[in-house]
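Dear colleague,

Please find the structure below, passed to you for your records.

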Amino acid sequence: MTRSSLTTPPPGAAAPAPPPGAPLPGAALGSHYGHCFGCGTEHPTGLHLTARTPDGATVEAEFTVGEAHQGAPKLAHGGVLAAAMDEVIGMSVYLFHKPYVTGRLETDYLLPVPVGTTLHLRAWCNGISGRKAYLEAEGRIGAPDGPVAVRAAALFIEVSMEHFAEHGDLAAIAAEHQDFEVNP
Ligand SMILES: CCCCCCCC(=O)SCCNC(=O)CCNC(=O)[C@H](O)C(C)(C)COP(=O)(O)OP(=O)(O)OC[C@H]1O[C@@H](n2cnc3c(N)ncnc32)[C@H](O)[C@@H]1OP(=O)(O)O
């Protein structure tokens with residue numbers, strides 16, 4: 001992965017263990033918001049990612065590129081692929097049960113991704129330092145060990161819930177999180 005210093009964890013930054021109450025290894029991770037472009041089941045043209053954590057610390061998900069996700073004819077749009085990376089990385093930092101938002105997302109595109117392809121996504125945390133979480137993801141074509149088409153490195157910033165109240169719709173978030181009071 002070609003990355004900048006901004007998405008490289010500083011020396012000593014380590015990924016914390018999942019907190020008590022975090023999803024157990026093997027657990028499915030449901031959608032955090034029905035209208036989310038990445039994981040929402042109610043979004044008509046979204047990515048509809050379905051995800052799980054194999055070990056309580058990383059996230060795996062699949063995304064099948066559809067007609068609505070094209071850039072060039074019959075090929076996935078790069079921005080859509082970046083959105084898939086953003087989403088799966090967001091899901092992985094969600095395992096730490098704190099609210100984070102994307103501050104910076106860097107993406108390497110290694111292979112074109114045709115419509116109809118299922119991308120196997122994986123995301124993990126390389127370290128946390130203060131409010132900054134350093135994360136990484138990859139998308140492989142056709143199988144979990146298929147060729148890597150996309151790689152991403154990200155810096156997520158921890159925010160307070162006021163961030164969502166001030167800039168978004170906290171009531172809608174609360175309505176979706178009655179049993180899981182964490183990252184919207
Ligand atoms: C399950 C959930 C899945 C969700 C997946 C999808 C996730 C998303 O897409 S979130 C939506 C997209 N992101 C956003 O809307 C965020 C918009 N940006 C913001 O709100 C603000 O800029 C925010 C919150 C990131 C930072 O603002 P603020 O809280 O005032 O902190 P600020 O003091 O500026 O920055 C904190 C630190 O982070 C650093 N930082 C902030 N942004 C960046 C950046 N883009 N690049 C590098 N460093 C950054 C700052 O330099 C600072 O570092 P230091 O402490 O060393 O000085």
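Leaving aside neighbours within four places in sequence, which residues is L135 in contact with? In this predicted model, L135 is in contact with I89, S92, V93, A123, W124, C125, N126, A154 and F156.

L135 also belongs to the largest nonpolar core, which has 41 residues. The residues with the most contacts inside this core are A84, V88, I89, V93 and L135. At least two core residues come from each of β3 (59–64), α1 (78–94), β5 (118–129), β6 (132–141) and β7 (148–158). Among the contributors, α1 gives the most, with nine residues. In soluble globular proteins, nonpolar side chains tend to be buried together.

Finally, a note on R3, which is found in the segment before β1 (28–29). Is R3 buried, exposed or partly exposed? R3 counts as partly exposed because it has 17 C-beta neighbours inside 10 Å, whereas a buried residue would need 20 or more and an exposed one 12 or fewer. Not counting residues up to four places away in sequence, R3 touches T8, E106 and A153. The C-alpha atoms of R3 and P25 are separated by 29 Å, the two residues being 22 residues apart along the chain.

With kind regards

Conventions
Residues are numbered from 1 along each chain as its sequence is written. This is a predicted model: local features need pLDDT of at least 70, side-chain atom pairs count only at pLDDT 80 or more; totals for chains, interfaces and linings use all residues. A nonpolar core is a set of buried Ala, Val, Leu, Ile, Met, Phe, Trp, Tyr and Cys residues joined through C-beta atoms within 7 Å. Helices (H or I, at least four residues) and strands (E, at least two) are DSSP runs, numbered from the N terminus. Two residues are in contact if their C-beta atoms, placed from the backbone, lie within 7 Å.
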